[in-house]
Amino acid sequence: MIDTHAHLTDADFDADRAEVIERAKEAGVEKIICILCEFNEKNLAIFKELLSRDFIFGAAAIHPHDAKDFENRKSEFLKTLGFPKVVAVGEIGLDYHYMYSPKEIQVKVFEEQLLIAKEKNLPVVIHSREAPADTLDIIKKQKPRRGVMHCFSGDEKEAKEYLGLGFYISFAGPLTFRNAAKPKEVIKMIPDNRLLLETDCPWLAPQAFRGKRNEPAYIKSTYEEAARLRNTTVEKLSDTVTTNTKELFNI
Ligand code: NI
């Protein structure tokens with residue numbers, strides 16, 4: 001199994017990060033993509049340490065929440081993209097739910113980071129919350145070379161649009177929630193060669209751990225639910241996600 005989206009630098013893991021990684025390995029997690037969105041000294045040191053492990057890869061970007069601080073953080077962000085084993089720009093996108101940064105600034109920063117990814121020939125990890133039309137418009141306009149819709153919560157129509165643009169679709173813990181009718185349907189129509197799974201930890205723990213801090217080891221229940229919905233086995237699904245992760249992130 002691979003966890004394609006984990007925020008392992010988050011302070012929620014400060015007390016037991018080494019154990020969290022050990023538990024992930026014991027649970028059968030073979031690779032983790034660690035997403036860095038805050039570029040302070042502490043996080044950068046943790047990120048570098050994580051990347052020194054052969055099964056951990058990285059992605060870095062300014063999150064839409066922090067779009068208003070883009071100019072201040074840009075040089076650290078660009079420097080981080082140059083670290084060995086940083087394989088993607090993400091997460092980037094639009095978040096009209098919290099609106100920590102004004103819409104126009106989120107749009108501008110999203111477009112700029114898409115451009116940076118293109119210049120560096122890196123795939124993009126897209127965050128889109130309550131902004132389906134604008135996210136799609138910008139992606140259609142900027143045409144990133146490769147990318148994934150992370151923690152996908154859209155409907156079948158939206159999924160088809162992104163599949164048509166060559167995107168991968170990734171599902172997280174909410175797939176396992178008892179009341180999650182939409183992702184449980186949408187995941188059935190994603191072709192094998194476009195499917196990814198993730199935790200988005202420390203948030204969005206699967207149903208069995210709901211309310212707790214999430215961690216990569218818990219991804220097993222998301223694989224189990226995805227396998228059940230797609231009428232396959234966890235083993236076959238793991239092979240599929242592994243192949244897709246290698247394709248998308250070139251690892
Ligand atoms: Ni995330």
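**Reading the terms of a predicted model**

Reader: What makes Lys140 partly exposed?

Author: Lys140 has a relative accessible area of 37%. Buried means under 20%, exposed over 50%, and partly exposed in between, with a 1.4 Å probe and protein chains only. The value for Lys140 falls in between, so Lys140 is called partly exposed. The model is predicted: local features need pLDDT of at least 70 and side-chain atom pairs count only at pLDDT 80 or more, while totals for chains, interfaces and linings use all residues. Residues are numbered from 1 along each chain as its sequence is written, and side-chain values use heavy atoms, leaving out hydrogens and water.

Reader: How do you know that Lys140 and Glu161 form a salt bridge?

Author: A salt bridge requires a side-chain nitrogen of Lys or Arg within 4 Å of a carboxyl oxygen of Asp or Glu. The N to O distance for Lys140 and Glu161 is 3.4 Å, so the pair meets the rule. Lys140 belongs to helix H5 (residues 132-142) and Glu161 to helix H6 (residues 156-164), so the pair ties together parts 21 residues apart in sequence. Helices (H or I, at least four residues) and strands (E, at least two) are DSSP runs, numbered from the N terminus.

Reader: Why are His5, His7, Glu91 and Asp200 called donors of the nickel ion?

Author: Donors are N, O and S atoms within 2.8 Å of the metal (3.2 Å for Na, K and Ca); water is not among the atoms, so sites may look incomplete. The atoms of His5 (NE2), His7 (NE2), Glu91 (OE) and Asp200 (OD) lie 2.1 to 2.2 Å from the nickel ion, and they therefore qualify.

Reader: Why is the nickel site called irregular?

Author: The angles among its 4 donor atoms run from 86 to 177°. Four donors count as tetrahedral if all angles lie between 85 and 135 degrees; four count as square planar and six as octahedral if opposite donors are over 155 degrees apart and all others between 65 and 115; anything else is irregular.

Reader: What makes Glu91 a buried residue?

Author: Its relative accessibility is 2%, so Glu91 counts as buried. Asp200, at 9%, also counts as buried.

Reader: Why is helix H8 described as largely enclosed?

Author: Of its 11 residues, 8 are buried, so H8 is largely enclosed by the rest of the structure. Among them are Ile219, Tyr223 and Leu229.
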